Amino acid sequence: MKEKPTCLLHLPLGEWCSTFNLEEAICNHGFFMMSPNNWIPSSKSLQRPLRLSDSTKSINVSISVDEQNCLIARALDDDVNEVVSKLTAADRQVIRKQITRMLRLTERDEKDVSDFQNIHQQAKQKGFGRLFRSPSLFEDIVKSILLCNSSWTKTLSMARALCKLQPELIKDDDNDSNSSKPKSVENFPTSRELTNLMNKDLMRELRNNLGYRAHYILKFARKIERGELNIQFLEEAPWEQVYKLLMKNKGFGPFVCANVLACIGFYHKVPADTETIRHLQEAHSMKSNRKTVGKDVKEVYDQYAPFQSLAYWFELLGGYESKFGKLSELDNSKYDFVTATRKPSPFLRKQ
């Protein structure tokens, strides 16, 4: 089939057909609600900017599955035909890599889904096994920090603030040979962009929006850019080593590190916080508290090793959807209300 001019990716799902569902692969983790992600319930598509091969410029993309069960990515920017015609093969390859990472369309992820569902029949029946993640590990890491010790409303606000700030972080360069490529849009900032943050007003804005987290995030970004930490190594090393390396960083406690491990594809540790305590109390009738939660999650989820956190997220997702209905059907204006620590607003309750 001939691709339309705006098409950036046309990927027959083939071997993934039996286990892959776009809606289920995206709308299963709070990350899908965080900027710059924009899930469109009516078309069952995800819109967001993705990086080009130069890593500085981005293009707005819509991701969906067509009637032939092919994964399709189309450009959304103004003058889209002209924009797409100027993209290089390297640009398209980078876009493909980001999409397959987000949706976990790799042999390793497919094996994990199969192995997990073999020991968790309920997850198999629901088609659960792919936790949605970001186009890059750095975005996953920063978002994991934003989740820590924060209300859900504040977490969403901090992610929006970072994306709004991102275009301001790019230095103007009149001699840029790639100036014909799409202009920057509000994407999630890279470690390089954050490291280049020198403007005092922008620094103040970042700290006002992120609070103490700004220091941790900037320090981590600088470590990457100085070569003190190889972020690619984190995706390839054994999980125990990754956990130890992450825990050495200021602001990276067990909760953040467990979230990052799951984003990489290591599900051995449950990201335990007050939400976990609430869930154990409600779903498992346990008298869990801050002192016992570590022991409690092992008691409940070690039977699913090495997929403890997948089993936990499956239950947590089920709890949210029992209160709010399918998250994939919520309008994004209502995302602020999705928290299990309080009763849902009347207009969010299931009919």
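**Rings, charges and a buried glutamate**

The charged end of Lys-269 sits over the ring of Tyr-243, 4.8 Å from the ring centre. Arg-108 does likewise: its charged end lies over the ring of Phe-266, at 4.9 Å from the centre. Both placements come from a predicted model.

Now step back to the whole chain. The secondary structure comprises 16 helices and five strands. The C-alpha trace spans about 65 × 50 × 45 Å along its principal axes. How does the radius of gyration compare with that of a compact globule? For 351 residues, such a globule would have a radius near 20 Å; the chain has 20 Å, so the two agree. Of the 351 residues, 52% count as buried. The chain exposes about 17200 Å², and carbon and sulfur atoms supply 48% of that area. Take the contacts between residues at least 6 apart in sequence: 67% of them join residues at least 24 apart.

Next, the aromatic pairs. A pair of aromatic rings is described by the distance of the centres and the angle of the planes. Consider Tyr-301 and Tyr-312. Their ring centres are 5.8 Å apart and their planes meet at 80°, so the pair is edge-to-face; that label requires over 60 degrees. Tyr-301 belongs to helix H15 (residues 293-301) and Tyr-312 to helix H16 (residues 308-324), so the pair ties together parts that are 11 residues apart in sequence. Both tyrosines, Tyr-301 and Tyr-312, are buried. Elsewhere, ring pairs build a cluster from Phe-116, Phe-128, Tyr-267, Phe-307 and Phe-314.

Turn to Glu-139, in helix H6 (residues 137-147). Is Glu-139 buried or exposed? Its relative accessibility is 3%, so Glu-139 counts as buried; the threshold is under 20%. What does the side chain of Glu-139 meet? A polar contact of 3.5 Å joins it to the side chain of Ser-134. Set aside the neighbours within four places in sequence, and Glu-139 is in contact with Pro-36, Arg-48, Ser-134 and Phe-188.

Gly-211 and Met-158 are 53 residues apart along the chain. Their C-alpha atoms are separated by 9.4 Å.

Terms used: Residues are numbered from 1 along each chain as its sequence is written. This is a predicted model: local features need pLDDT of at least 70, side-chain atom pairs count only at pLDDT 80 or more; totals for chains, interfaces and linings use all residues. Side-chain values use heavy atoms; hydrogens and water are left out. Rings of Phe, Tyr and Trp (its six-membered ring) pair if their centres lie within 6.5 Å; planes under 30 degrees apart count as stacked, over 60 as edge-to-face and the rest as tilted. Helices (H or I, at least four residues) and strands (E, at least two) are DSSP runs, numbered from the N terminus. Buried means under 20% relative accessible area, exposed over 50%, partly exposed in between (1.4 Å probe, protein chains only). A charge sits over a ring if NZ of Lys or CZ of Arg is within 6 Å of the ring centre and within 35 degrees of the ring normal. A polar contact is a pair of N or O atoms within 3.5 Å; within protein, one must be able to donate a hydrogen and the other to accept it, and residues adjacent in sequence count only if both atoms are side-chain atoms. Contact means heavy atoms within 4.5 Å. The radius of gyration is taken over C-alpha atoms; the globule rule is 2.2 Å times the number of residues to the power 0.38. Accessible areas come from the Shrake-Rupley method with a 1.4 Å probe; for residues, only the protein chains shown count as cover.
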